[in-house]
Amino acid sequence: MLFDLHTHSTASDGSLSPTELVQRARLAGVDVLAITDHDTVAGIAELDKETLGSLTLLPGLELSTQWGSIGVHIVGLNIQLDSSEFKDALAGQQRARYQRAGIIAEKLKKKGFPDLLPAVIKAAGRATIGRPHFAQQLVAIDAVKTTDEAFRKYLGAGKPGDVKQLWSPLAEVIGWIRNAGGTAVLAHPDKYHLTRTKLLSLISDFKDAGGEAIEVVSGQQTTHKTRDLVTLCTQAKLLASCGSDFHQPEQRWADVGKHSALPDDCTPIWDIW
Ligand code: AMP
Ligand code: MN
Ligand code: MN
Ligand code: MN
C-alpha cells in the first residue's frame, strides 16, 4: 500500500487543483492520499467519488503554529470537517494570514518596494494567502529572478517576510486537531534547522500536547536523514508518517507518491486507523 499523507493543491500554494492532484496520485499508484493544504480544508469539497475511484482520501491540512519564536508546521489527518470549533479555528488562521500579508507588504515597502498587497491578494484569489504569493510578485516586478531567491533575500527565516507572531501556539493547534477527532503529525522536523537539543525539546513538547506522529519521510530524502528521524521517532515512542509535500510537478524531488519509503522498523501512523 502506498500512502502519501502530505500534499498541496490550489487551495493553498500548490499548482494542481484537487482533482488534478488526485489524478496524478492515482497515476503514481498512491492508495491512500491526504490533501493537506496550508490552514484550509477547502480543496477537499470539490472531489467526487468518480475522481477518487479506488483511492482513499483522508481529510487533512497543514497548520501554521508558533513554538516559542519558531514557526512550526503541524499536519492534521482524519479531521472531522463538520466540527464547528475547528471551522472557527480555521477562520482565525485565515484572518491571521491576511493580517500577516499586510505586515509583510509594509515591511517590504520599507525596503523600497512598491505596495505588493493588492497584487498579492489578487494572485491568491480563493487560495490561502501566503509568502509564495509575495515571492511570485517579487519575480513579476523583476526584484529577483526566482521565487527561491525571493525567499533567500526577503521572505525566508530571519528576513523581513518572516512574520510568525500571528500563529497560535503549538499546543493550542494540536488541541484543535484532537478535538476534531484528528491525528497531529509534526511535519518535516529537519526543516526548522534546530540544534539537536532544541529539536528534542520540540518533540517532547509536541508529544506532551497530544501529538502522535513524526513525519519520518518528507519527499525524496537521503537514507542517512531517514535513519536519524526513525531514531528520533522511536526514542520518543511516536508513530511514523510519510508524504511527498507535493506542491508542483516541476519539483521532481517532491512529486506525489514519489517520496522515499518508510522503513519497517518504525510503527506507521496507519496502524492506529
Ligand atoms: P507560508 O505558508 O506563507 O508561511 O509560506 C511557506 C511556504 O512557502 C512553504 O510551505 C513552501 O511551500 C513555500 N516556500 C518556497 N520556497 C521556500 C523557502 N525557500 N523557504 C520557505 N518556504 C518556501
Ligand atoms: Mn507550501
Ligand atoms: Mn510545511
Ligand atoms: Mn507542506
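# Reading the metal sites and the ligand shell

Guide: Ser-83 is placed in the loop that runs between strand S4 (70-77) and helix H3 (84-110). Helices (H or I, at least four residues) and strands (E, at least two) are DSSP runs, numbered from the N terminus. This is a predicted model, in which local features need pLDDT of at least 70, side-chain atom pairs count only at pLDDT 80 or more, and totals for chains, interfaces and linings use all residues. Residues are numbered from 1 along each chain as its sequence is written, chains are lettered from A and ligands numbered from 1 in the order in which they are written, and side-chain values use heavy atoms, with hydrogens and water left out.

Visitor: Does Ser-83 count as buried or exposed?

Guide: Buried means under 20% relative accessible area, exposed over 50%, and partly exposed in between (1.4 Å probe, protein chains only). Ser-83 counts as buried because its relative accessibility is 14%.

Visitor: Which backbone atom does the side chain of Ser-83 reach?

Guide: A polar contact is a pair of N or O atoms within 3.5 Å; within protein, one must be able to donate a hydrogen and the other to accept it, and residues adjacent in sequence count only if both atoms are side-chain atoms. Here the side chain of Ser-83 reaches the backbone nitrogen of Phe-86 at 3.1 Å.

Visitor: Which protein donors does the manganese ion (ligand 4) have?

Guide: His-6 (NE2), His-8 (NE2), Glu-62 (OE) and Asp-245 (OD) lie 2.1 to 2.2 Å from the manganese ion (ligand 4).

Visitor: Where does the manganese ion (ligand 2) lie relative to the manganese ion (ligand 4)?

Guide: These two ions are 4.7 Å apart, while 5.7 Å separate the manganese ion (ligand 2) from the manganese ion (ligand 3). The manganese ion (ligand 2) is coordinated by Asp-13 (OD), His-38 (NE2) and His-247 (NE2), at 2.1 to 2.2 Å. Asp-13 counts as partly exposed, at 22% relative accessibility, whereas His-38 counts as buried, at 9%.

Visitor: Which residues surround ligand 1?

Guide: A residue is near a molecule if one of its heavy atoms lies within 4 Å of it. Around ligand 1 stand Asp-13, His-38, Arg-97, Arg-100, Gly-130, Arg-131, Pro-132, Phe-151 and His-247. Helices H3 and H5 (131-140) each supply at least two residues of this shell.

Visitor: Which domains give residues to the shell around ligand 1?

Guide: Domain bounds come from an automatic or database domain assignment. Domain 1 (3-90 + 165-272) and domain 2 (91-155) both give residues to the shell, so ligand 1 lies between them.

Visitor: Which side chain has a polar atom 2.3 Å from an oxygen atom of ligand 1?

Guide: That side chain belongs to Arg-100. A polar side-chain atom of His-247 lies 2.9 Å from an oxygen atom of ligand 1.

Notes
Donors are N, O and S atoms within 2.8 Å of the metal (3.2 Å for Na, K and Ca); water is not among the atoms, so sites may look incomplete.
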